[in-house]
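Let's take a friendly walk through some side-chain pairings and a bit of surface.

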Amino acid sequence: MAEEEKVVLAKMASLLKSGATMLDKTCPYCNVPLFRLKSGEVICPKCGQKFILVMSDEEELRARSGLVLQSLEQTVVEKLQILQNSLSVVSSPEDMYEIGKAIMMLLQILETSYKVKALAKNTAGKVQG
């Protein structure tokens, strides 16, 4: 048995001991069984890739939408930080105004993203419940 295989088997055993469940699905990259952690996350013990398992096209769309919105929010927060740093060093009212407009636009994007996620959560809850 190769050393790499021993390492993967040891990780799999460790996951099982920690309460993870081995699934009947395999990693599309490594062909190693996937594990569901107690937290609900699904991971590959070999490559460490995380997965979201879905049962329908609708579930896939909801999962992908959530990931896109999360990424958008992260980007907006990073840009807000940059603008905040810029705002702290400018002195002209015109520059402050332009930075302020950009900050307001980013805050509107963030607020809209939060609303969309809340609406999606409420809609999903009504469909399931």
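Predicted model: local features only at pLDDT ≥ 70, side-chain atom pairs only at ≥ 80, totals over all residues.

Residues are numbered from 1 along each chain as its sequence is written, and side-chain values use heavy atoms, with hydrogens and water left out.

The structure holds 8 salt bridges (a side-chain nitrogen of Lys or Arg within 4 Å of a carboxyl oxygen of Asp or Glu).

| Salt bridge | Closest N and O atoms |
|---|---|
| Glutamate 60 and arginine 64 | 4.0 Å |
| Lysine 117 and glutamate 73 | 3.0 Å |
| Lysine 115 and glutamate 111 | 3.6 Å |

Lysine 117 in helix 3 and glutamate 73 in helix 2 link distant parts of the chain, 44 residues apart. Helices here are DSSP runs of H or I with at least four residues, strands are E runs of at least two, and both are numbered from the N terminus. Glutamate 73 is buried at 10% relative accessibility, whereas lysine 117 is partly exposed at 33%; buried means under 20% relative accessible area, exposed over 50%, and partly exposed in between (1.4 Å probe, protein chains only).

Glutamate 60 and arginine 64 both sit in helix 2, 4 residues apart, about one turn of the helix. Lysine 115 and glutamate 111 are likewise 4 residues apart, in helix 3.

Also in helix 3 (residues 93-128) is aspartate 95, which is partly exposed at 39% relative accessibility.
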